[in-house]
Amino acid sequence: WYSISNLTGQLEFTPTSLGNHQIILNFRNQFGVIKNVNLNLTSVSQDYTFTATSNQNDLIINQLKTLDFNITPVTQSAGIDYFVKYEILQGSATVNGMQPNTYISANTGNWSNGITPTAGGQLTIKFTAKNSNGLLKEQTLNFNVQTPNFALNGSYQPKTTFWRGENIDIN
C-alpha cells in the first residue's frame, strides 16, 4: 500500500509489450474500506514512414552507387529507436557498413549509404526497417546490373629469344 494525499495521486505506466493490458488498482481509506478500479489499456506502436530510393535503375558491376533512405516518425517518438537491415533477393551486392540480414542502428531523417553490385544481371534488394516496438516497414529496389564489354587486341613481333631488361614492342 502506498499513501496518497486526499483525492489526488498519480501513477505512471510504461508498457513493455504491445497489445492489451489490464491494470487493477486497489484503494483503501483510513477506515479500511477497499475500492477496486480496473483499467484496460491498449499499447500500440508509434507509426513511421520508411523509404529507400535510387535515382537510377541501371548500375555497373563493381561500381559504388549511392542509395537514399528516410525514416520519419508519424508522431513525436521520444524513446523509440530504429534499425535497418538488407536482404539480397536476386543477384549479388554489398552494402557499405552492413552485413546481410543483420540490423544496424538507424537515425531518423534523411541519410545515404552505398551499394556495390558484384554480379551482372538482375539485382533485387529488400531493405527492412523496424522500430524498438517491433513495427516493420519494407522497401524493395530492383536494378539491372550492366557488365561492360570491351575488346583487347595486341600484337608483337614474334621473337624466340630476348634478353633480360630488353624492351619488346607490343601493339
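Me: Is Asp 47 buried, exposed or partly exposed?
Reply: Asp 47 is partly exposed, with a relative accessible area of 36%, where buried means under 20% relative accessible area, exposed over 50%, and partly exposed in between (1.4 Å probe, protein chains only). This is a predicted model, in which local features need pLDDT of at least 70, side-chain atom pairs count only at pLDDT 80 or more, and totals for chains, interfaces and linings use all residues. Residues are numbered from 1 along each chain as its sequence is written, and side-chain values use heavy atoms, with hydrogens and water left out.

Me: Which side chain does Asp 47 meet in a salt bridge?
Reply: That of Lys 137, at 2.9 Å from N to O, a salt bridge being a side-chain nitrogen of Lys or Arg within 4 Å of a carboxyl oxygen of Asp or Glu. Lys 137 sits in strand S11 (residues 136-146), while Asp 47 is in the loop between strand S2 (34-43) and strand S3 (48-53), 90 residues apart; strands (E, at least two residues) are DSSP runs, numbered from the N terminus.

Me: And how many salt bridges are there by that rule?
Reply: The count comes to three.

Me: Changing topic, what does Lys 126 pair with in strand S11?
Reply: Its partner there is Glu 138, twelve residues apart from Lys 126 in strand S10, and their side chains form a salt bridge at 3.7 Å, N to O. Shared partners join Glu 87, Lys 126 and Glu 138 into one network.

Me: Is Lys 126 buried or exposed?
Reply: Lys 126 counts as buried, at 19% relative accessibility, whereas Glu 138 is partly exposed at 46%.

Terms used:
Helix = DSSP H or I, 4+ residues; strand = E, 2+ residues; numbered from the N terminus.
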